[in-house]
Amino acid sequence: MTDVVSAPQEEDEPRPPLPRKMSSLRTRPAARRVPTANRVTIAIPKPSPTSDVTSARSASGAGIQSPELNVTSTPWSKKLILTLDGGGIKGYSSLIVLQALMQEIAQVEQDLDPRASSSAQTERIPRDQIPEDVFREDQYLPCHYFDYIAGTSVGGLIAIMLGMLGKSVDECISEFHRQNKNIPLTTDLAGGATIDFPLLYRRSTWPTKRTRAFFDTFAKFSVSSTTRNKAAVAATLPTPVSSRSSTHSNESTGFRKDAFQCQTLAWCTEVERHQPRRPYAFCTYKEEEEDDAGSLVSIPEVAKAITAPSSYSFKPFKLGSGSFVDGSKQIRDPTLEVLKEISSLLDDGEPSIDLLLSLGTDEHQAWFYEKLRAFTSSASTPLSANSTTSRESLLDQERGKKYKTYYRFEAPDVKLGMRKKYYLSEIEEATREWLSSKEQKEQIARYARWLVQRRRERARTTRWEGFALGVRYVCHHGDCKMPERVWESRGDYYDHLERRHGVGRLRAEEREGELDKGRRFGVGDGL
């Protein structure tokens with residue numbers, strides 16, 4: 001385990017967002033790009049007069065002691081990232097570690113004053129005005145504590161459920177147990193991989209008949225988007241505050257998340273004839289340019305692509321013009337690749353990532369493919385090395401440049417029996433036993449306090465309502481010439497009211513009342 005903490009530094013006033021950058025991992029020519037995959041750039045929310053800046057309370061005032069946390073006037077400028085290991089079903093261990101972290105977070109949230117009965121809670125909006133299905137009483141969601149959630153293989157499936165679909169950890173664990181027999185599990189577990197020789201029989205197609213049931217669970221979820229719900233929002237008028245969230249489209253299963261919310265990266269390996277295999281990330285960022293097909297890759301398709309067996313007995317999963325397989329043999333721990341990806345999209349001036357939190361297992365028996373790759377790879381391509389030592393060394397080189405703090409919860413290697421139906425219980429038992437040690441309890445408590453403090457700092461800003469509650473604004477004036485227009489921030493909506501309806505002449509309390517009447521919940525929410 002590595003624990004790197006740097007001293008807090010003062011931050012200047014918030015800067016305007018820099019021009020969007022092309023990711024350094026996206027090197028394939030445009031003609032060869034997968035026509036339906038979301039990747040390359042992130043849609044940076046436009047700043048508004050009331051979007052970010054707030055007076056931050058001190059850690060002592062909030063009752064939390066986290067001296068290493070850099071609390072600034074804009075708590076959104078420094079990103080918090082969670083990464084989840086792959087490597088077959090053993091990646092499920094990351095979910096058990098995360099459950100322990102979220103349980104500690106819930107305890108801290110409930111012990112503080114004011115008490116937070118949900119991770120969506122904010123002092124800016126009265127509780128009785130937030131719909132029940134948006135507030136989610138007694139639930140504390142990872143997507144409210146992290147800006148990015150990334151994973152490989154099974155870790156990627158967990159990242160999709162937590163970040164893309166906004167599920168709680170307990171809901172994910174329940175889903176894994178419900179689908180125990182159908183979980184897409186590669187047959188070549190760590191230490192058991194072999195060289196792939198050409199086969200004389202026909203290669204199988206992914207997913208198999210049994211695993212299809214697991215991927216069908218992703219198809220039933222609907223993910224809304226502001227652009228896909230304008231009509232639904234307009235239909236709620238003239239009700240000032242909807243008693244429930246805006247209607248979601250049952251066909252909205254595209255792998256894209258609102259730019260104001262937690263983003264998801266699902267890692268796999270791209271397979272191309274006569275070309276070396278390379279890491280590939282399906283991202284929920286909104287692309288700057290539309291693809292030729294003009295459509296989005298769906299959530300079930302991404303789930304299939306990141307878990308397709310990499311053995312020769314299976315065909316790679318085809319998606320658009322690309323082919324993909326499980327990436328855990330190449331990047332079981334995606335932290336280094338995620339750091340490179342996200343930092344290439346953010347400000348280069350100083351470390352823009354406050355925390356890199358990695359969850360995984362200690363695989364003493366590396367994949368044969370990993371050993372061969374580490375032996376044959378040259379020093380000019382350090383990202384291909386998958387050994388723990390080399391990756392920790394490369395991460396340490398970026399400390400102070402791209403990130404401030406990195407910590408990895410690395411559960412010991414889990415020994416599995418012969419019967420697949422007991423895998424989940426065996427992994428849970430081994431991981432919980434490791435978490436019961438004094439050292440792990442202290443680290444869990446430390447990072448729980450850290451994340452709670454950051455969430456509460458953010459919850460005091462107007463941007464929180466879009467990040468956690470999916471709030472958007474529509475004009476409630478019946479004579480408005482823009483009845484179907486949706487505003488993404490409170491500041492943008494105020495500009496409209498001031499220009500079109502003269503609310504600037506009203507008193508401050510009346511202006512706030514006018515703004516509240518246009519607020520709609522769940523419009524940009526992926527829940």
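Predicted model: local features only at pLDDT ≥ 70, side-chain atom pairs only at ≥ 80, totals over all residues.
Trainee: OK, how many helices and strands does the chain have?

Mentor: Helices (H or I, at least four residues) and strands (E, at least two) are DSSP runs, numbered from the N terminus. Going by that, the chain comes to 15 helices and eleven strands.

Trainee: And what share of the residues counts as buried?

Mentor: Buried means under 20% relative accessible area, exposed means over 50%, and partly exposed is in between (1.4 Å probe, protein chains only). The chain has 527 residues, and the buried share is 57%.

Trainee: How many salt bridges does a search of the whole structure find?

Mentor: Side chains of opposite charge can pair when their charged atoms come close. Here a salt bridge is a side-chain nitrogen of Lys or Arg within 4 Å of a carboxyl oxygen of Asp or Glu. For the whole structure, the search gives 24.

Trainee: How far apart in sequence are the parts that Asp85 and Arg408 tie together?

Mentor: These two form a salt bridge, with their closest N and O atoms 2.6 Å apart. Asp85 sits in the loop between β2 (79–84) and α1 (92–111), while Arg408 belongs to strand β9 (residues 403–411), so the parts they tie together are separated in sequence by 323 residues.

Trainee: Are Asp85 and Arg408 buried or exposed?

Mentor: Besides pairing up, Asp85 and Arg408 belong to a network of salt bridges that also links Arg332, Asp333 and Glu410. As for the pair itself, Asp85 and Arg408 are both buried.

Trainee: Glu272 and Arg278 form a salt bridge too; which class of accessibility does Arg278 fall in?

Mentor: The closest N and O atoms of Glu272 and Arg278 are 3.4 Å apart. Glu272 counts as buried because its relative accessibility is 17%. Arg278 has a relative accessible area of 27%, so its class is partly exposed.

Trainee: Let's turn to the backbone: which peptide bond is cis, with omega near 5°?

Mentor: Most residues other than glycine have a negative phi, and most peptide bonds are trans. The proline to look for is Pro114, in the loop between α1 and α2 (132–135). The cis bond runs from Asp113 to Pro114.

Trainee: What is the phi of His274, which is not a glycine?

Mentor: You'll find His274 in the loop between β4 (263–271) and β5 (278–283). His274 is exposed because its relative accessible area is 75%. Its phi is positive, at about 65°.

Trainee: Last one: which residues form the positive surface patch with Arg485?

Mentor: Arg485 is in the loop between β10 (472–473) and α14 (490–501), and its 38% relative accessibility makes it partly exposed. Patch members have over 30% relative accessible area and no salt bridge, with like charges joined within 9 Å and nonpolar side chains (Val, Leu, Ile, Met, Phe, Trp, Tyr) within 5 Å. Lys and Arg count as positive and Asp and Glu as negative, leaving out His and the chain ends. Along with Arg485, the patch is formed by Lys481, Arg499 and Arg500.

Note on methods
Residues numbered from 1 in each chain as written. Heavy atoms only, no water. Areas by Shrake-Rupley, 256 points an atom, 1.4 Å probe, with all protein chains shown as cover. Charge placed at Lys NZ, Arg CZ, Asp CG, Glu CD.
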